[in-house]
Amino acid sequence: MAVIYSIDFDWLLGFFPDDLPFVIEANIVMTFIFFVFAVFFVGFIILLRIFKNFRNKKKEEQRLLLEDILNAYLFDEEFDKERELQKFKDEHLNKPLEIKIAIKEILLFHSNIKGESATQLRELFLQWELDEFCKKQLANSAWYSKSRALFSLSEMLIKVELENIKPLLNHKQDEVRQQAQLYFIKLAEDNPLEFLDHIDKPLTLWEEIFIEDALKNEYHGPMPDYSNWLHSVQNSVVDFAIRMIAKFNQFENISELLPLLEHSCEQVRRETIRSLCALEHYEVIDTLISQFEEETNLVKKTILDAIEHLGSYNDLMMLKDKIQDNEWDLKIKYYGIAQYFLPEKKQSIYIQYEKEKALLL
Amino acid sequence: MKKILVIEDNPMVIKSLQFKLTKDGYDVIIAPDGREALKLLKDATYDLILTDLNLPFVTGNELIAYVKENLPAIPIIVLSTSTQENIIMDAFNMGVEDFITKPFSPNELSLRVKRLLS
Amino acid sequence: MSITFDDIADIASWLFLVYGILICLGYLFSAIFSIFEIRDYKRSNNYKDEIALLQASELPPVSILAPAYNEGLNIVENVRSLLTINYPSFEIVIINDGSKDDSLERLIEEYDLEKQDYLFHYFIKTQTIRGVYKSKNTAFKNLLVIDKENGGKADALNTGINVCTHDIICCIDVDCILEYDAMLKLIKPFLNNRKKVIASGGVIRVANNCVIEDGRILEVRLPDKFVARVQVIEYFRAFLMGRMAWSRVDGLLLISGAFGMFDKQIAIEAGGYNHNTVGEDMELLVRMRRMMREKKIPYKVGFVPDPLCWTEVPQSWEILKRQRNRWTRGTAETLLLHKKMIFNPKYGVLGMLSTPFWLFFEWMAPLIEFSGSLFFICLLWFGLISWEFFLTFLFVVYSFAVLFSITALFFEEYSFQQYKKPKYIFTLIGTAFLEPIVYHPFVMWSAVRGNWDLIIGKKSWGEMTRTGLSKSAKK
């Protein structure tokens, strides 16, 4: 308070009697300061509101203009491309806000459309020189400019010096890292996952969802052999590779998957079981049954799922005595699967479970 | 003029579809959600329905079920972001005539519409 | 050496002052942390249409647990709106907590339910389950209704945890209104983290007066009633400033019972909801965090700043009083149960920052304020009051309270700007100026009463009489 007090508030205190004690003077000064701030914020709120409204109006106007010209450009055969597009560029693509909205709108169109029209949109992007703006943004030190620029460039399939992008794979901001990954996939002609060898942090599920999506929908080269990453140092990468082997039906990699049933990481073992299941590798059931007892609870559950999917009631029976008395979650699963195999005995299996419950509790 | 009912909640897609299909010479009527669509279907007849699956209020599946039961003559094209097999299978099992995944090619869509309406 | 009454009065005055300054500093820091958190969040969220992609992806399946006690009035509609939740794979588990009304019958009739021989186990001890129901209609195949003996909200949620199938659970109040993509947003922390995520929570907003149709917010409106309007500001302060800041330093202690996601296994290991406290939502999170810390497993609690869930707040003073009474007891009970954590460096941010903050500023603030008022009356009695001091001090407190609310309003404007009509913003500013005089003393008194009830051992949860949101607020 001493600091504040040393600022000259004499003029304020001049309104009050001269000989006020320190505490009271301090109170008056504090009240004054708080009120000034409050009024300041009220003013700020109102200004912000006016500014936002103004900006939103601008945005909406620009957006509507763009919608019209983009639709005409894509679908109207009589549209005079050369003249109209140049005119639009001269009149409506001068300020950064206008350019940003144009980029956003083209990306939005592009995300909903494929084929010839999508190619046309990418041509337009270059014709309006929006790529220049993005490249400048990429060089900007703010992470959100970088990641946005990466996103726009990759969507529009615009090549930049890969050496500039590589370091961004390990950028400290998640968003930049993710956009860099996607850039590599979308622009790759082959080997889209080469970047996986260069990342220094585990992949998150979130990133994996986007990578998978990009591989499916935006990468058009030959599908990579995912077994290349089954021995990566990153368990998350191994995990992802296992899942992709199943997703893209790489049956030829089944033999590569089998040793991973012994992997030290629980998650990797589970994913391996799931993928073998999805690839309908029936032979794995015996191995799973023999490994059951040594496994962790989560892997045991996955094994039960696998038996439901690939096995038979007889396979399931083999596990009955391997489930411990206190493993209730496994028991429930066990009986549930038994009901699935023998739907006509649903009720008697339920009674059996209830009996076992009564016996043990 | 053939009438197409477009049920879609993405304004950008609506506008493009409207533009493209109007150019192709159809009368395009828009319903932004499933409930609105049901209302429109009760009041007038249409030659084709183009619908999304993830719709507010009334889902695409409910809508399809309604049309197939009450207005079986109207062909349905689903336009959806879903690429999951089971969702596509479900739609065909319910009797839709065609399934187009987003992102879509407007030219292809236009051809498929033409095929169903000729 | 003798100490005179004057000395005591002096010391006490200074203590109150120091406490006041500490509170101000606490709030100042939380404001600063929040603004950074909001800014970063805003910046990170405008790329690809995530929602469309997530809808079509294989996300971890979620069990949505909604306890219901005497909700017959709206239960059928509420369940219908839950069933249209936008998420690729989920089940709805309605737990009928021994309702005395016809909730169960209504559900059975509307959704064509039949009793099932359902395999389950009491992983957490709860009241007896009378029956588990599923629908004969495949359109409702992901609906599960549990009928059980009454045991309170915590017990009902535990029952849900015992019976549900998926590994992630989402606990919600059956009558709250979820945003269309609420679940997809709430799951994001679980997906996008390199540490084990044990829970995630979102922002709760006030639904009173909003235009609601078929379980969707169509138009955000400001409540007509002053009591509810103040709570809009309170929620801004609590979520946009409080929790946002706590999330930045990873010190969140509370995920609202109205809408939160948890890792089921961790929740079971921690022992589930505690039915001996009225603050079961806070207590569970604290216990889960404590357990993870004690086991030395790195973990994270996620927080999503978007408004995800809208809930009806008390419109009458009487119900508000009961609610605050309960909140106070919940806080006190939780802190008491976990007193070992307070100022314990072993628990990191939780021990050194979160729990002390809750102790001193959440739980004790009303008590200190109350004793301050008593102290003032004493001084008045002995004729020792210095009116200049008293009045100026009052002004300081008042102006700070107003400033704090205005800052929260500013954060709302800066971030989500849900109250779009210009008139709303002025009404809210006006409300902020009135709150410290009209509303605050009442809430303080309710909190004091809560502590008193806790001491004399009153355990009532305080039934919330609802006005039936989905009906009353229709256009």
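This is a predicted model: local features need pLDDT of at least 70, side-chain atom pairs count only at pLDDT 80 or more; totals for chains, interfaces and linings use all residues.

Visitor: How many residues of chain A are in contact with chain C?

Guide: Two residues are in contact if their C-beta atoms, placed from the backbone, lie within 7 Å. Here 36 residues of chain A are in contact with 37 residues of chain C. Helices (H or I, at least four residues) and strands (E, at least two) are DSSP runs, numbered from the N terminus. Among the elements giving two or more residues to the side of chain A that touches chain C are helix 3 (22-75) and helix 19 (346-360) of chain A. Helix 3 of chain A provides the largest share, 17 residues.

Visitor: Which classes of residue make up the side of chain A that touches chain C?

Guide: Ala, Val, Leu, Ile, Met, Phe, Trp, Tyr, Cys and Pro count as nonpolar, Asp, Glu, Lys and Arg as charged, and the others, Gly among them, as polar. That side of chain A has 25 nonpolar, six polar and five charged residues.

Visitor: How many residues of chain B are in contact with chain A?

Guide: There are 14 residues of chain B in contact with 13 residues of chain A. On the side of chain B that touches chain A, helix 1 of chain B gives the largest share, seven residues. By class, this side of chain B has six nonpolar, three polar and five charged residues.

Visitor: Into which domains is chain A divided?

Guide: Domain bounds come from an automatic or database domain assignment. Chain A has domain 1 (1-68 + 97-106), domain 2 (131-224) and domain 3 (282-361). Between the C-alpha centres of domain 1 and domain 3 of chain A the separation is 65 Å.

Visitor: At what angle do helix 1 and helix 7 of chain C pack?

Guide: Axes are lines fitted to C-alpha atoms, for helices over the stretch in contact, and angles run from 0 to 180 degrees between N-to-C directions. Helix 1 (residues 5-43) and helix 7 (residues 226-248) of chain C pack at about 75°, their axes being 7 Å apart. Helix 1 of chain C is therefore roughly perpendicular to helix 7 of chain C (angles under 35 degrees count as roughly parallel, over 145 as roughly antiparallel, 65 to 115 as roughly perpendicular and the rest as oblique). Their contact has eight nonpolar, four polar and two charged residues.

Visitor: What does UniProt list for B:Asp52?

Guide: UniProt positions are given in the numbering used here, feature names are shortened, and annotations may be inferred rather than shown by experiment. An unreviewed UniProt entry lists B:Asp52 for "modified residue: 4-aspartylphosphate". B:Asp52 is placed in the loop between strand 3 (48-51) and helix 3 (60-70) of chain B.

Visitor: Is B:Asp52 buried or exposed?

Guide: A residue is buried if 20 or more other C-beta atoms lie within 10 Å of its own, exposed if 12 or fewer, and partly exposed in between, with C-beta atoms placed from the backbone. B:Asp52 is buried, because 23 other C-beta atoms lie within 10 Å. Not counting residues up to four places away in sequence, B:Asp52 touches several residues, including B:Asp9 and B:Ser80.

Notes
Residues are numbered from 1 along each chain as its sequence is written. Chains are lettered from A and ligands numbered from 1 in the order in which they are written.
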